[in-house]
Amino acid sequence: MKPDALITVEGATKDYIVHAEGVRATLRALRGIDLTVRRGEVLAIVGESGCGKTTLSRLILGIEEPSAGHVSLEGKAATDYDRLARAALIQPIFQDPYSSLNPRMTIGQIIAAPLVVRGRGGRRERHTQVMDAMRQVGLAEHLRNAYPGQLSGGQRQRVAIARALIGEPEILVCDEPTSALDVSVQSQILNLIAELRARFSLTIVLISHNLAVVHHLADRVAVMYLGQIVESGPTEKIFASPRHHYTRALLDAILVPEAHRRLPRLTIDAEFPSPLTPPPGCAFHPRCPAADAVCREIDPPPVGDGDTRFRCHHPLPTPA
Amino acid sequence: MTLDAGETLAVVGESGCGKSLSAMAITGLVPPRAKLIADRIALKGKSLLGLREREWRGIRGRRIAVVFQDPMTSLDPCYTIEDQMREIGRQHLALDARALRARMLDLLRQVGISSPETRLSQYPHQLSGGLRQRVMIAIALMCEPELIIADEPTTALDVTIQAQVLRLLADLQKEHGFGLILITHDLGVVAGAADRIAVMYAGQVVESGPTDTVLSAPAHPYTEGLLHSIPVPGRTARGAPLGFIPGVVPRPDAPHTACGFINRCSRPVSACATPIALMPIDPAHAARCIRPCLGGQIVERHPATETAA
Amino acid sequence: MSVTAAMPTDVPRAPQSPGAVALRRLLRHGNFRIGGTILGLIILAAIVGPWLWPLDPASQDLGHRLAVPVWSAKGTWLHPFGTDQLGRDYLARLLQGARVSLTIGFLTVLLSGVIGTGLGVAAGYFGGRIDVAINFLITIRLTLPVVLVALVVVAVYGGSLPTLIVVIGLLLWDRFAVVTRSATQQLASRDFIISAQAIGSSIPRILFVELLPNLIGPLVVVATIELAHAVLLEAALSFLGLGVKPPLSSWGLMVAEAKNQLLFRPWMIAIPGTPLVALVLAINLVGDAIRDAVAADGRA
């Protein structure tokens, strides 16, 4: 374990038993994930639906246990924490603020819940803390007695953030925190996350498919494909010179609202293979422009120079 | 809004701004509880207002086709792809069974489906999201429509698939020459895919013009605010605060007694408290603002009332 | 500070709980007004009736057997609804019957509701083996013919009021279990439950504070269905002579006792039959209205 590693994932594998077309099958959602998140950094996990990024976040949150391998927080297995200790260390923020707030509780009750659960402080003390938290995320005081149904999407996401932060955790796991929100509200929430991160020196795991958002917020990026991390490294480096062909395609696919842009022609085609029957060899080979016989046979091991790692037999060249 | 053959118009706006509703009005599919008030809706000069349900059926699917956001819910899970395509063909095309099948296979090939024979006999749930959307596009093309309305066609898809589907629509348009109305909330989608943009806010078009003009020199403060709120790798400084539009969208039942954007605008003046008309900036570009930003400078325009335009 | 500047400037609305919203919608519902009025009248009659009409429903007066009600030519105000074969005052028996029907109805629904909700929530929340086991229980329960089992138990243990309540209560929990199980499954996958786990909530807190309030809508709807069901079941058992035993009175029992008089004294069946029909109808109307009121809740 590196000295500054806050979250360490080693060889984590997660299997689910599923029933596809009447047949019992094993879905390997994660296939040997190695990952470290350092204290104070924003690590983005990027990938398309079904790549396992949400499963990975659930392992980190300790909601689920890996089928094999280890996930540890501050050197201790995530599932070994008792519920209160874990809650004090790590908190999630979900994509859909319509689903993450209990419709039958007031905003005040929702934000105070972590304090109530921990039995911390008297009624008056909790009230002050809730008010502070609401102010910090930019919620008006009178909303304390409102119900989630009366709030806009952006306001609800602020409530979710306030609830996550009131117990002063060190780690925030944000699963697509803005993709359910309107464009003009997204930037407000991104700004808020960035500001709170600086103020509370949070460590953030950001799960997103939006590379523009990732580029804006993250210090490091891990690109996932079919249950594996295919490339990871510092954001600037990954965006400037990706080594894996899948990363290249993801970057090409970013649609930027600028004049005189043409639609990208991607170098990859075909569709995502089913995670139930991952292709042999390199999982990406059916879509890869550089695939050859080796790729069809042998799964490339992670290789890397310095702080970047990637899994590819024929990596893209680095600019000299 | 107007649209020429072979052209793509993007209708952009946030949820609840009325972008889907205005497009659906073109197909006559207005929800029963909504009331449509329009001066003129016309296809190739022929008015579509006041058509009877029977006449609509000859137009919908045949001359105007729609591609929806979620291909899982717009395909019937009980029928195979072949059943669903044949249904459209039977209603609108005078083809015998063999010719119809040949056409279906041809269309599936055109939308980039590699093994059309197997796909025809499959059910929607057996296809991935991207494939389903391709099938939807093939169905839309069945009758060589003059207009295709695509309502958030790529929002439910993954980023790499999204780019492919947009590319496909553009390629097909070149080949078939249909007009395309692309409804989306994503300005990034618009940038590459549309010739012209209509930005909607609170039920009104607030700015319209050629894509490149609107994106590089937005005249309306709402368009400007939207563009500034989106991080762009390479352009926005990493980690720096993003621009944002304060406040929330007005409730749809709010009366139109002032500029709809007045409460969130960065530069309101007292004259904004009257309804503002969509005023031309140049022949192709118009904005519903009396203080638009032109060439980097805010220009005062004489407030024209809505009735005058 | 930029964050406070970003605060949405909407008009403050009076805070309203989803429950209050549903209640207001309910009070405006036509079915609720009709059903609620009837139900209210019957409950009121059951509570204050025996006090306003203090004749003993069990005291026999063989001199005045089968007296006709007040609206027929020979009727008197001494017995407004007439008397039965044993000369007991029919109005007093009717009022006592209302108490019996409602008591059995409400208590059995309470009992079966607690059993069914407990099992349903446990099955839905924990899943896995617990779900399999509880599903097995539900299936067993569904294979038991309710009337037949009730008949057997009452025949063996006798038809006292507590026995009836326990028997019916133990038989009617299945719908509660099925409905709460699927509702819980849906809720458990919502992020607010995962959030509750992530903030370290204990399982009782998740179940009682987070989950249960969201189940109240469907629970009340099922409760009305089961209330009507229980009232009818009691009437049926009493009619078959295996429910409420004389001298206690019940509407089903009154119908049973009057069945020989069907041709000659039809009012003797109509008088207990009408409120029975009205009660069940009223409960169903109220249930309908509640379903509409909570269904429109949607996501909010």
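The contact between chains A and B takes 37 residues from chain A and 43 residues from chain B, two residues being in contact if their C-beta atoms, placed from the backbone, lie within 7 Å. On the side of chain A that touches chain B, α6 (183-200), α7 (211-217) and α9 (245-252) each supply at least two residues. Helices (H or I, at least four residues) and strands (E, at least two) are DSSP runs, numbered from the N terminus. The largest share of this side of chain A, eight residues, comes from α6(A). By class, the side of chain A that touches chain B has 19 nonpolar, eleven polar and seven charged residues. Here Ala, Val, Leu, Ile, Met, Phe, Trp, Tyr, Cys and Pro count as nonpolar, Asp, Glu, Lys and Arg as charged, and the others, Gly among them, as polar.

The model is predicted: local features need pLDDT of at least 70, side-chain atom pairs count only at pLDDT 80 or more, and totals for chains, interfaces and linings use all residues. Residues are numbered from 1 along each chain as its sequence is written, while chains are lettered from A and ligands numbered from 1 in the order in which they are written. The predictor's confidence in each residue is its pLDDT, from 0 to 100. Chain B averages a pLDDT of 79, and 85% of the residues score at least 70. Within chain B, confidence is lowest in strand β2 (residues 42-43), at a mean of 64. It is highest in strand β7 (residues 196-201) of chain B, at 89. Over residues 305-309 of chain B, pLDDT stays under 50. For that stretch the model has ten contacts beyond four places in sequence.

The largest nonpolar core has 186 residues. Such a core is a set of buried Ala, Val, Leu, Ile, Met, Phe, Trp, Tyr and Cys residues joined through C-beta atoms within 7 Å. A residue is buried if 20 or more other C-beta atoms lie within 10 Å of its own, exposed if 12 or fewer, and partly exposed in between, with C-beta atoms placed from the backbone. Val46(A), Ile111(A), Ala162(A), Val205(A), Leu206(A) and Val223(A) touch the most other members. Helix α7 (residues 129-141) of chain B gives the most to this core, with eight residues. Domain 1 (8-194) and domain 2 (217-308) of chain B both give residues to the core, so it lies between them; the domain bounds come from an automatic or database domain assignment. Apart from this core lies another, of 61 residues, among them Tyr90(C), Leu102(C), Ile138(C) and Val154(C).

Six of the six residues of β9(A) (residues 220-225) are buried, so the strand is largely enclosed by the rest of the structure. Beyond four places in sequence, Val223(A) touches residues including Val46(A), Ile229(A), His244(A), Tyr246(A) and Leu250(A). Strand β3 (residues 42-46) of chain A runs parallel to β9(A), joined by four bridges. Two strands pair if DSSP finds at least two bridges between them. Leu43(A) stands opposite Arg220(A). Strand β10 (residues 228-234) of chain A pairs with β9(A) in the antiparallel sense over six bridges. There Met224(A) stands opposite Ile229(A). The hairpin of β9(A) and β10(A) has two residues between the strands, and Leu226(A) takes a positive phi near 50°.

In chain B, six bridges join β7(B) to β8(B), which run antiparallel. Tyr201(B) stands opposite Gln204(B) in β8(B). These strands form a hairpin with two residues between them, and Ala202(B) in the turn has a positive phi of about 50°. Strand β8 (residues 204-210) of chain B is mostly covered, with six of its seven residues buried. Two bridges join β8(B) to strand β10 (residues 285-287) of chain B, again antiparallel. Glu207(B) stands opposite Ala287(B) in β10(B).

Two further residues of chain A were examined. Leu30(A) is found in strand β2 (residues 23-38) of chain A. With 27 C-beta neighbours inside 10 Å, Leu30(A) counts as buried. Its contacts beyond four places in sequence include Ala12(A), Leu56(A) and Gly227(A). Thr178(A) is found in the loop between β7 (171-175) and α6 of chain A. Thr178(A) is buried, with 22 other C-beta atoms within 10 Å. Leaving aside neighbours within four places in sequence, Thr178(A) is in contact with Gln186(A), Ile189(A), Leu190(A) and Val213(A).
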